[in-house]
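Visitor: Please take me through this structure, one question at a time.

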Amino acid sequence: MQKIIVDTNVIVSSLISKGYPFKIINDLILNDLVEVQLSDEVFKEYLEVLSRPKFSKYPEFVVNAEIVLFRIYELSRKITPKEKLKIIHDDNDNRLLELAIESKAQYLITGNSSDFTFDRIEETIILNPTEYWENYRPNHE
């Protein structure tokens, strides 16, 4: 089973529109077709971002976010990175990189191309949701 890491922005996008982030979350993750790698720090970021006041004006968003986060947590493989990195200026992004190294995930999926200006860290390929869906998703012909 593919081991993936999902940046928070992919989850947010999946709750707003029905594009590739939605397909990754709903078709692959929630159907347990990939194994999400998750650390406590990354999950805390998910919770913090998805509970921001700007989303509370959309009750459906809040309810769906809670459901999605609960399922991701339930289905994920919990990892505790041993190494602390300072590669990117945003510490939350560094937490994703630490998780990638420790878990040896195949893919880190992010919509953040301004901070992730490189396409790999050790064994993990860093790519956006479209690239992942069109080229690397399981059972992709």
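**Strands, a helix and a buried aspartate**

Visitor: Which residue in S6 is the bridge partner of Arg120?

Guide: This is a predicted model, in which local features need pLDDT of at least 70, side-chain atom pairs count only at pLDDT 80 or more, and totals for chains, interfaces and linings use all residues. Residues are numbered from 1 along each chain as its sequence is written, and side-chain values use heavy atoms, without hydrogens and water. S5 and S6 pair in the antiparallel sense over 2 bridges, where pairing requires at least two DSSP bridges between the strands. The partner of Arg120 in S6 is Ile125.

Visitor: Which residue in the turn of the S5-S6 hairpin has a positive phi?

Guide: Strands here are DSSP E runs of at least two residues, and helices are H or I runs of at least four, numbered from the N terminus. The hairpin leaves 2 residues between S5 and S6. The one with a positive phi, about 50°, is Glu122.

Visitor: Which strands stand at the edges of the open sheet?

Guide: The sheet has 6 strands in the order S3-S2-S1-S4-S6-S5, with mixed pairing. Each edge strand has a single partner, so one of its sides has no neighbour in the sheet. The edge strands are S3 and S5.

Visitor: How many residues of H6 are buried?

Guide: H6 covers residues 91-103, and Asp90 caps its N-terminal end, with a side-chain oxygen 2.9 Å from the backbone nitrogen of Asn92. Buried means under 20% relative accessible area (1.4 Å probe, protein chains only). Asp93, Arg95 and Glu98 are among the buried residues. Of the 13 residues in H6, the number buried is 10.

Visitor: How far away from Asp115 is the nearest side chain of opposite charge?

Guide: Asp115 lies in the loop between S4 (107-109) and S5 (120-121). Asp115 is buried and has no salt bridge, that is, a side-chain nitrogen of Lys or Arg within 4 Å of a carboxyl oxygen of Asp or Glu. The nearest side chain of opposite charge is Lys86, at 11 Å.

Visitor: Which side chain makes a polar contact with the side chain of Asp115?

Guide: Leaving aside neighbours within four places in sequence, Asp115 is in contact (heavy atoms within 4.5 Å) with residues including Ile88 and Asp93. A polar contact is an N or O pair within 3.5 Å; within protein, one atom must be able to donate a hydrogen and the other to accept it, and residues adjacent in sequence count only if both are side-chain atoms. At 3.4 Å, the side chain concerned is that of His89.

Conventions: Buried means under 20% relative accessible area, exposed over 50%, partly exposed in between (1.4 Å probe, protein chains only). Lys and Arg count as positive and Asp and Glu as negative; His and the chain ends are not counted. The expected span of a helix is 1.5 Å times one less than its number of residues.
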